[in-house]
Amino acid sequence: MLGVHVHVGSQLSDFDAQAETIVRLAAFAAGCRDELGWVARVADLGGGFGIRHHPADEVPDAAALAASAATTARLAFVEQGLPRPEVWLEPGRCLVGRAGVTLYRVGSVKRLPERTWVAIDGGMSDNPRPQLYDARYTALSAARVDEPVDEVVSVAGMHCESGDVLIDDVALPSPRRGDLLAVPATGAYTLAMASNYNGVPRPAAVLVREGAARVIRVRETIDDLLRPETE
Ligand SMILES: Cc1ncc(COP(=O)(O)O)c(C=O)c1O
């Protein structure tokens, strides 16, 4: 056993919660030394460095948060009379989150007096986070980014569930059937969380680099979904 580990949480919004947790981790390590005679050499501080999924999100700079975590851990361990630990970090989202964009095709646009609904060919099966804990996203009209945004709409998924709302409010160029919607910052906790909710096949994944595109995960088919079934 090399050391002690903690993961404070995801999308950390301040330095205080992180510092408080690390101080407790050091106290725990001191308890291990006193009661078990075992000395932790590694302090693994987990991940949790946030990214902006929505323009209104305010997240501390990941590098500053990581540096502060490492300093706090070293000080807290030394204060407990422990050796200066080797600090490990496990960032996830802040490394890959911004690399992913989810593309949807607009199926229909329904203009009601109180709200305009834009229905897409995806939703809670490819990204359950808005339903799970009200995660917020934004979207762009992928092929019309130079046009003025003149309509605020809600984006609904295709799963026949009242809770299947991907985005509550987003301003777009007046949407129409066939538009492509791009939802940025979906490179983490999206495909990995995707499911076959309501028997919906999961989408393909395409890697784009320097103008070249390569399919890195094929689109699922109905046959894929039926394959495990027996007669
Ligand atoms: C133990 C542990 N380490 C690291 C991570 C990565 O977190 P993030 O992607 O927010 O950096 C998680 C995410 O839940 C986790 O549970």
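## Overall build

Residues 24 or more positions apart supply 71% of the protein's contacts that have a separation of 6 or more. Do keep in mind, as you look around, that this is a predicted model. Its secondary structure comprises five helices and eleven strands. The radius of gyration is 22 Å, well over the 17 Å that the globule rule gives for 231 residues, so the protein is more spread out than a compact globule.

Along the principal axes, the C-alpha atoms fill a box of roughly 65 × 55 × 40 Å. Of the 231 residues in the protein, 28% are buried.

Where the two meet, seven residues of domain 1 are in contact with seven residues of domain 2. On the domain 1 side of this meeting point, the residues divide into two nonpolar, three polar and two charged.

## Around the ligand

Next, the ligand and its surroundings. The shell around the ligand includes His7 and Ser10, and the run Gly46, Gly47, Gly48 and Phe49 also belongs to this shell. Another stretch of the surroundings is Glu90, Pro91, Gly92, Arg93 and Cys94, and Ala188 is in the shell too. By residue class, the shell divides into four nonpolar, six polar and two charged.

In soluble globular proteins, nonpolar side chains tend to be buried together. Here, the largest nonpolar core has 16 residues, and Ile22, Ala26, Ala43, Ala69, Ala73 and Phe77 are the ones that touch the most other members. Two elements give two or more residues to this core: α1 (15-36) and α2 (62-79). The biggest share comes from α2, with six residues.

## A closer look at Val155

Val155 sits in strand β7, which spans residues 151-156. This valine has 28 C-beta neighbours inside 10 Å, and a count of 20 or more is enough to be buried, so Val155 counts as buried. Not counting residues up to four places away in sequence, Val155 touches Val118, Ile120, Ala139, Leu166, Ile167, Val170 and Leu181.

For a sense of distance, compare the position of Leu36. Val155 and Leu36 are 119 residues apart in sequence, and their C-alpha atoms are 55 Å apart in space.

## Two backbone angles to check

Most residues other than glycine have a negative phi. Which backbone angle stands out at Gln11? Although Gln11 is not a glycine, its phi is positive, at about 55 degrees. Gln11 is found in the loop between β1 (3-5) and α1. With 16 other C-beta atoms within 10 Å, Gln11 is partly exposed.

Asn198 also has a positive phi, near 60 degrees, in a residue other than glycine. The loop that holds Asn198 runs between β9 (180-183) and β10 (205-209). Asn198 has 14 C-beta neighbours inside 10 Å and therefore counts as partly exposed.

Note on methods. Residues are numbered from 1 along each chain as its sequence is written. This is a predicted model: local features need pLDDT of at least 70, side-chain atom pairs count only at pLDDT 80 or more; totals for chains, interfaces and linings use all residues. Ala, Val, Leu, Ile, Met, Phe, Trp, Tyr, Cys and Pro count as nonpolar, Asp, Glu, Lys and Arg as charged, and the others, Gly among them, as polar. A residue is near a molecule or strand if its C-beta atom, placed from the backbone, lies within 6 Å of it. A nonpolar core is a set of buried Ala, Val, Leu, Ile, Met, Phe, Trp, Tyr and Cys residues joined through C-beta atoms within 7 Å. A residue is buried if 20 or more other C-beta atoms lie within 10 Å of its own, exposed if 12 or fewer, and partly exposed in between; C-beta atoms are placed from the backbone. Helices (H or I, at least four residues) and strands (E, at least two) are DSSP runs, numbered from the N terminus. The radius of gyration is taken over C-alpha atoms; the globule rule is 2.2 Å times the number of residues to the power 0.38.
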